[in-house]
Amino acid sequence: MLMFCIGQLLNLDTGNRDGQNLVTEDVTVVEGDVATISCRVKNSDDSVIQLLNPNRQTIYFRDFRPLKDSRFQLVNFSNSELRVSLTNVSISDEGRYFCQLYTDPPQEIYTTITVLVPPRNLVIDIQKEIAVEGEEIELNCTAMASRPATTIRWFKGNKELTGKSEVEQWSDMYTVTSQLLLKVGREDDGVPVICLVDHPAVKDLQTQRYLEVMYKPQVRVSQNYPVQGLTREGEPLELTCAAFGKPQPTDMRWLRVDDEMPQHVVVSGSNLLISNLNKTDNGTYRCEASNAVGKSHADYMLFVYDSRAGEEGSIRSVDHAVVGGVVAVVVFAMLCLLIILGRYFARHKGTYFTHEAKGADDAADADTAIINAEGGQNNSEEKKEYFI
C-alpha cells in the first residue's frame, strides 16, 4: 500500500518524464498576443484530460470551462488532445500550466508560458544639438520597460560603434540606457546616428538623430586663364577662389604673401585678374576665407616666363634632337673607320717582319748594317733560286 502511494506521488510530479503518455511544449508569447496551450495523449484510452492554471485552478475539464476567464477559449478537444488559446496575454499570465490525464495511476505534465515585453519607448538624447569639428559629444539612448532587458546597438551611417550600457530593474521590467561618446569631424555633418534595439519581442525598432557639425572653410584656388598654360609676359592671368564651410564663409580676401599687392591687380569678389603680366608680379598670392569657426587659406605661386618661352623651348628641343642625330652618325662612322684600320694593320704585320733586314743587328756601324742587310737579301734570293 505504501509503495502504491509513493508511485502515485511520483507520477504526479510536475516535471517532464520519459515514458509518460502526455506531451506538451513550452510557450513564449509577446505581451498582448495569443498563447496556445496543447495537452496531447500519445496512446489514448479515452481517459479524461484537463488543464489547470499556475494556481492549480481548472481551466478546462474535457470541453467544459469551469474558470470564468473568457480569454481562455477551446480550440480543439478529442480523446487525444485538449488545445486551449489565451488571448491578450499579460505578465500576470506567466507561469506553469498543468496537463492532467485521469488514468490509473494519474499522469501530469506542465508547460511554461513566458511573456516577452518589448520596450515601451526608445529615445536618443544628444548632449549638443550643434557641435564644432573636433569636439567629443555624448549621446544617450534609452529603451524603457522591456522584458527581458534590451540590447542596444549604435551605428553612425553604416558603421557600427560601441557604447556603454547600464540596466535598471523595476519590478519585472528593465530599463536600459546606452551611452556613446563620439568625436565629430566635418565628414559627420548630416550623418545619422542610429540607436537600434536587439530584443526577441520586436524587430527593426530603432531611432536616429542627424549630426550637425560646424567646421572652418575649405579653400581652393583655380587658374581660369591661361588654361593649364605658361604664365608669360604680356598675357592675362585670372584666378578664382572657392571656399566651403559651415556656416558658409562670409569674409573672403586676396593678398600677396611677403609683399604688397601690385596696383594693376584687379580683385572682384572671389576673382583675381592681372591683365598684363610682367616679372614684377612674381610671388605667392593667397586667398583667405573665414567663418564663425575659424580661418583657412590656399596659395597660388606665380612665375612669369618670357613672352617666347614656350616657342623657344620647342625650337630648342628640335635643335637638340638634330644635333644629337648628327653626333650619333659621326660616332658610328669613326667606329667603323677604326675597325677597318685595325684589320688592315693586322694583315700586314706578318709581311713586315718577314722582310725585315737580317744581319743588321751584328753590324758595327750603319754602313755595315746596310751592306749586311743587302747581302742578306741577296743570299735569300739566291737560296730561293737554289731551291727552285
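Trainee: Happy to start with a strand pair: which residue in β9 is the bridge partner of Phe98?

Mentor: Keep in mind that this is a predicted model. Strand β8 covers residues 95-101 and is joined to β9 by seven bridges, the two running antiparallel. They form a hairpin with five residues between them. Within β9, the bridge partner of Phe98 is Tyr110.

Trainee: And which residue in β9 is the bridge partner of Thr28?

Mentor: For that, look at strand β2, residues 27-30, which is joined to β9 by four bridges. Here the strands run parallel, whereas β8 and β9 run antiparallel. The partner of Thr28 in β9 is Thr114.

Trainee: How many of the ten residues of β9 are buried?

Mentor: A residue counts as buried when its relative accessible area is under 20%. Strand β9 spans residues 107-116 and is mostly covered. The number of its residues that are buried is eight.

Trainee: Let's turn to the disulfides. Is the one between Cys39 and Cys99 left-handed or right-handed, and why?

Mentor: The sulfur atoms of Cys39 and Cys99 are 1.8 Å apart. Cys39 lies in strand β3 (residues 35-41) and Cys99 in strand β8, so the link ties together parts that are 60 residues apart in sequence. Both cysteines are buried. Because the torsion about their S-S bond is about -65°, the disulfide is left-handed.

Trainee: Which strands does the disulfide of Cys141 and Cys195 tie together?

Mentor: This pair also has its sulfur atoms 1.8 Å apart, and with -80° about the S-S bond the link is left-handed. The two cysteines are 54 residues apart in sequence, and they sit in strands β12 (residues 136-146) and β17 (residues 192-198).

Trainee: How many residues apart are Cys241 and Cys287?

Mentor: A disulfide joins these two, with 1.9 Å from S to S. The torsion about their S-S bond is about -85°, so this link is left-handed. Cys241 is in strand β20 (residues 237-246) and Cys287 in strand β24 (residues 283-290), and the separation is 46 residues.

Trainee: What is the pairing when the bonded cysteines are numbered in sequence order?

Mentor: The structure holds three disulfides. Going along the chain, the pairing reads 1-2, 3-4, 5-6.

Trainee: Which residue in β23 stands opposite Val267?

Mentor: β22 pairs with strand β23, residues 271-274, in the antiparallel sense over three bridges. Opposite Val267 stands Leu272.

Trainee: Finally, what share of the chain's residues count as buried?

Mentor: The chain has three helices and 25 strands. Of its 388 residues, the share that counts as buried is 32%.

Notes. Residues numbered from 1 in each chain as written. Predicted model: local features only at pLDDT ≥ 70, side-chain atom pairs only at ≥ 80, totals over all residues. Heavy atoms only, no water. Buried < 20%, exposed > 50% of the residue type's maximum accessible area, 1.4 Å probe, protein only. Pairing = 2+ DSSP bridges. Disulfide = S-S within 2.5 Å.
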